[in-house]
Amino acid sequence: MIKTERKGDWLLLYIPEKWGGIVLEDLFKTVLFASKKQIHLYKMEKKVLINNKQANWNLSLQKGDIIKIQLFYPVPSTIIPTFMDIDILYEDDHLIIVNKKPFIDTHPNIAEDTATLINGTAFHVLMNGEERQIKHIHRLDRDTSGCILFAKHELIGNMLDHMLSERKIKRTYIALVHGSFSTKKGTINKPIGRDRHHATRRRISQNGKNAITYYKVIAEQKKESLSLITCTLDTGRTHQIRVHLSSIGHPLAGDTLYGGKPIFNRQALHAAKIELIHPITEEKIECYAPFIDNPAIFPKFDIFSL
């Protein structure tokens, strides 16, 4: 773990042995994943100190040095805050994980839309006395529920984006699908592209982007001809789980866009768990999102067993 401390607008990083010998600028580039623009602003605006002195960006760091970064100053937000009841699963000075309800978009699709999850999360942050430009790191379909990760400042946003691209943020989904499986687990490796004949639909396409989904059968409801499964992804394509499961003859219950029967008022898909190593503190974060449908869609299941 990395020892950190917050003092007002400043984050204090206590340099561990493994960072000893790294030049300060290289630390920001290769460990903190700051952009060139960010590093330039840090230099010009003197937002970085070493041992309470103005930073020398060509200096090799030593174990025990203290880096101070001015991260928590007010940033005017372009997101209109909107009051709504949101379920916070985890929050610290850097990031927030929210349990998204179904029937709400992750972010606005048009500027006038202020009823999305990011608007509600912006309101939550503002009510806590923080003026921040928050950012969603990934998203869920409007009718899918579960874990959504937000960054509270630009530096952590870059670090989380990098982790997502390197597949270091693991998300586990629960789905209720039609039919019974011949095997208890499997891998679907099929490229996904846009459907030229539909504005939002995706399809399996040899010219599409690589997509890999892993699934595991948890339980069967034989009377209803439904199976409860978990899914994890190697990639994060739009509608990936929905397209992949439909392609092997097991569309999600309620997902009429991809062949599911309308037995529910939405597709039965829930992002139940998210796991990551905190990019700054290196603590392990593991969040579970309870089911929030009323009436319930999913059968009783201990999500903490995932």
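**Entry 1**

I looked up K152 and found it buried, with a relative accessible area of 2% (buried is under 20%, exposed over 50% and partly exposed in between, with a 1.4 Å probe and protein chains only). This is a predicted model, so I kept to local features with pLDDT of at least 70 and to side-chain atom pairs at pLDDT 80 or more, while totals for chains, interfaces and linings use all residues. Residues are numbered from 1 along each chain as its sequence is written, and side-chain values use heavy atoms, with hydrogens and water left out.

What does the side chain of K152 meet in a salt bridge? I found E91, at 3.0 Å, N to O (a salt bridge is a side-chain nitrogen of Lys or Arg within 4 Å of a carboxyl oxygen of Asp or Glu). K152 sits in the loop between β9 (145-151) and α4, and E91 in strand β6 (residues 87-91), so the pair ties together parts 61 residues apart in sequence. E91 itself is partly exposed, at 28% relative accessible area. I counted helices as DSSP runs of H or I of at least four residues and strands as runs of E of at least two, numbered from the N terminus.

**Entry 2: two further bridges**

I next checked R242, which is buried at 7% relative accessible area. Its side chain meets that of D141 in a salt bridge of 2.9 Å, N to O. This pair links distant parts of the chain, with R242 in helix α5 (residues 240-247) and D141 in the loop between β8 (135-136) and β9, 101 residues apart. I also noted that salt bridges with shared partners join R6, E91, D93, E130, R132 and K152 into one network.

Then I turned to K18 and E282, whose side chains form a salt bridge at 2.7 Å, N to O. K18 is in the loop between β2 (10-14) and α1 (24-30) and E282 in the loop between β16 (269-277) and β17 (284-288), so this pair ties together parts 264 residues apart in sequence. For the whole structure I logged 20 salt bridges.

**Entry 3: a lysine without a bridge**

Which side chain of opposite charge is nearest to buried K68, which has no salt bridge? I found E5, 9.4 Å away (Lys and Arg count as positive, Asp and Glu as negative; His and the chain ends are not counted). K68 belongs to strand β5 (residues 66-70).

**Entry 4: the whole chain**
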